Amino acid sequence: MDSALDSAIDAAGRRLGYETVKEDQRYVIRSFLEGKDVFACLPTGYGKSLCYFILPLVYDILQGHSSPWFVEIVISPLQALMKDQVKSLQDKGMTAVSVMGREDEETKQGIVSGRYQVVFTTPELLLQNKDWIHVFQSASLTERLIAIVIDEAHCVKKWGSNFRKEFSKLGDLRGFFPSHLHFMALTATASQTTRKSVIKLLGMHKPVTISKSPSKCNIIYFVTEKADEIEVELAYLVDELRAYRTNTTKTIVFCRTYNDCSRLYMFFKSQLKDEMREPIGHPDVTQFRLVDMFIATNTASVKNAILKSFSTSGGRLRILIATIAFGMGIDCPDIHRVIHWGPPSDCESYIQETGRTGRDGLPSNATLYYSRRDIGVMHLDKSIIDYCQNRTVCRRQVLFKDFNYDPATKPIDCKCCDLCIMICQCENCDFTLNE
Ligand SMILES: [Zn+2]
Ligand SMILES: [Zn+2]
């Protein structure tokens, strides 16, 4: 044990306002400080950002800099995500910036001169934009540079092979930067296969890997074969909205396509009419809606208004219908239900998307609706087909099979999944079969 490292980690943690640095976080940080590449898979809500937020400060403390000196570059897939992270770093008293390529000369100079402790950017900018490559390679920046962090690292595999090819080329960065510079890759969800290919694509050398199972014991899993139209399957949500209004369980409904999103939205609209807004009959604008739709084509200001209504206390939005454009990194702790109208492409995505629920640790549920047609016509991984069609084994066992599943963490009986509920015999069980 090197106590200097540990006390630097503790001191930095305190200065940033963290109550504690957890054991796994400490292991990630220590391994990195010891000069290794690190691949960490820590579940949503565990606090994986701490692992890299803290780095510049820890280096400053260890090297005896009394004012900020060290800098890290963080590669992140989405602008919205970067903005969130920049804001939370600023709230902690750190300097941070996200660059998308349109920034002014002053910001550029600021980065070159090391004014920002954390610089967020995309793989595209780092690998393709000559002007910016110049900025990132400037000597005054690289002498301060301590880490290349890849956040949401599962994207390296998932997106690298198709619509954002630059993700798969991140390994080339090794040649851009001084060779002593190490990589830290972070994700909430990666199967063993994903982990292996990300490590390979990033050219990580004998990385330390940390993997905590993403199974969270406060989520109950349900799978339902769609027997009927939306009107029948989701009528209970309409009833709930009528009865509980702004106290309705905060819910995300994920759809596969824009068409499904609009169909669902129109369903609520036609059922609820004026009751769709709170107070009833108020103008049909985002801030009054109990149900809304988050899609890629929303303008930035609409997206912001929706996020605000969904994530601030006093916001009215209870049911958010979204394509998978919504979700990654959105920090909204009190979502307690996630519904999938149609299966996602694989178990990894499903775990990631259901991980949005119950971040405050309260009981939550995740329901997947699928049809035989979905399974026939969509491009689905075998893992998710198995998950849908399973009628015999605990859902968790199937879902987390490739994700370090530890059966000891399985919630008891009727707090686990619909299949465990069926056989549960506990005395306060209110799910009775065959009555
Ligand atoms: Zn179960
Ligand atoms: Zn029970």
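Helices (H or I, at least four residues) and strands (E, at least two) are DSSP runs, numbered from the N terminus. This is a predicted model, in which local features need pLDDT of at least 70 and side-chain atom pairs count only at pLDDT 80 or more, while totals for chains, interfaces and linings use all residues. Residues are numbered from 1 along each chain as its sequence is written, and chains are lettered from A and ligands numbered from 1 in the order in which they are written.

**View 1. The loop that holds Cys394.** Cys394 is placed in the loop between α19 (382–389) and α20 (395–399). With 18 other C-beta atoms within 10 Å, Cys394 is partly exposed; on this scale a residue is buried if 20 or more other C-beta atoms lie within 10 Å of its own, exposed if 12 or fewer, and partly exposed in between, the C-beta atoms being placed from the backbone. Leaving aside residues up to four places away in sequence, Cys394 touches Lys410, Cys416, Cys417, Leu419 and Cys420, where two residues are in contact if their C-beta atoms, placed from the backbone, lie within 7 Å. Ile220 is 174 residues from Cys394 in sequence, and the two are 11 Å apart in space, C-alpha to C-alpha.

View 2. The domain assignment of the protein chain gives domain 1 (2–211) and domain 2 (219–421), with bounds that come from an automatic or database domain assignment. Taken over C-alpha atoms, the centres of domain 1 and domain 2 are separated by 31 Å. In contact across the two are 14 residues of domain 1 and 11 residues of domain 2. On the side of domain 1 that touches domain 2, α5 (79–91) and α12 (192–201) each supply at least two residues. The residues of that side of domain 1 divide into 4 nonpolar, 8 polar and 2 charged; here Ala, Val, Leu, Ile, Met, Phe, Trp, Tyr, Cys and Pro count as nonpolar, Asp, Glu, Lys and Arg as charged, and the others, Gly among them, as polar.

**View 3. The sheet of 7 strands.** An open sheet with parallel pairing is formed by 7 strands in the order β3-β4-β2-β5-β6-β1-β7, where two strands pair if DSSP finds at least two bridges between them. The edges are taken by β3 (96–99) and β7 (208–211), each of which has a single partner strand, so one side of each is left without a neighbour in the sheet. On average, and with direction ignored, neighbouring strands of this sheet are turned by 15° against each other; the axes are lines fitted to C-alpha atoms, for helices over the stretch in contact, and angles run from 0 to 180 degrees between N-to-C directions.

**View 4. Strand β4 and its partners.** Strand β2 (residues 71–75) runs parallel to strand β4 (residues 118–121), and 4 bridges join them, with Glu72 standing opposite Val118 in β4. β3 and β4 also pair in the parallel sense over 4 bridges, and here Ala96 stands opposite Val118. Together, β3, helix α6 (residues 105–112) and β4 make a right-handed β-α-β unit; a crossover is right-handed if, with the strands pointing away from the viewer, the path from the first strand over the helix to the second runs clockwise.

**View 5. The sheet of 6 strands and its strand β11.** In the order β8-β13-β12-β9-β11-β10, 6 strands form an open sheet with parallel pairing. At its edges stand β8 (219–225) and β10 (291–294), each with a single partner strand, so one side of each is left without a neighbour in the sheet. Strand β9 (residues 251–255) pairs with strand β11 (residues 319–322) in the parallel sense over 4 bridges, and Ile252 stands opposite Leu320 in β11, while the bridge partner of Val253 in β11 is Ile321. β10 and β11 likewise pair in the parallel sense over 4 bridges, and Ile321 in β11 is the bridge partner of Met293. From β10 the chain crosses through helix α16 (residues 300–311) to β11, in a β-α-β crossover that is right-handed. Both faces of β11 are covered, with Ile319 and Ile321 on one side and Leu320 and Ala322 on the other all buried.

**View 6. Backbone details in loops.** The peptide bond from Glu278 to Pro279 is cis, with omega near -5°, and Pro279 is placed in the loop between α15 (258–272) and β10. Lys273 is placed in the loop between α15 and β10, and its phi is near 45°, a positive value in a residue other than glycine.
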